[in-house]
Amino acid sequence: PEYPDSAKDLGLGEVTVQVEVTVAPTGNLVNATVYKSSGNMSIDQAALRAARASTYSPKLVNCEPTQGDYIFRADFNPD
């Protein structure tokens, strides 16, 4: 994901946000919430946008697709 310009000015350096995503049996995203914040709302929102824009495969249980929760990791580098 792209490092927000408003956060670059703060000199936070490299940061990571963890987003918990819930994926439906169809592979569609059901929900995305910040699991571990960067401490900066702009960066957290960029991580949520990246998680929502990504594609997912459903969790398989006994070879059948089912709903599952995963951690999406978004690394931000200001350079």
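Student: Does A32 count as buried or exposed, and why?

Tutor: In this predicted model, the idea is to compare relative accessible area with a cut-off, where buried means under 20%. A32 counts as buried because its relative accessibility is 7%.

Student: Where does A32 lie, and which residues does A32 touch?

Tutor: A32 lies in strand β2, and, leaving aside residues up to four places away in sequence, A32 touches V19, E20, V21, L48 and R52. The C-alpha atoms of A32 and A51 are separated by 7.1 Å, although these residues stand 19 residues apart along the chain.

Student: Which residues of α2 are buried, and what covers them?

Tutor: Helix α2 spans residues 41-53, and in this helix I43, D44, A46, A47, L48, A50 and A51 are buried. The elements covering the buried residues of α2 include α1, β1, β2 and β5. At the start of α2, a side-chain oxygen of N40 comes to within 3.0 Å of the backbone nitrogen of S42.

Student: How many salt bridges does the structure hold, and which side chains meet in them?

Tutor: Side chains of opposite charge can pair when their charged atoms come close. The structure holds two salt bridges. In one of them, D5 pairs with K8, with the closest N and O atoms 3.9 Å apart, and both residues lie in helix α1, three residues apart, or about one turn of the helix. D5 counts as exposed at 53% relative accessibility, whereas K8 is partly exposed at 37%. The side chains of R73 and D75 also meet in a salt bridge, at 2.9 Å from N to O; here R73 is exposed at 56%, and D75 is partly exposed at 40%.

Conventions
Residues numbered from 1 in each chain as written. Predicted model: local features only at pLDDT ≥ 70, side-chain atom pairs only at ≥ 80, totals over all residues. Heavy atoms only, no water. Helix = DSSP H or I, 4+ residues; strand = E, 2+ residues; numbered from the N terminus. Expected span 1.5 Å × (residues − 1). Buried < 20%, exposed > 50% of the residue type's maximum accessible area, 1.4 Å probe, protein only. Contact = heavy atoms within 4.5 Å. Polar contact = N/O pair within 3.5 Å; in protein donor to acceptor, adjacent residues only side chain to side chain. Salt bridge = Lys/Arg side-chain N within 4 Å of Asp/Glu carboxyl O.
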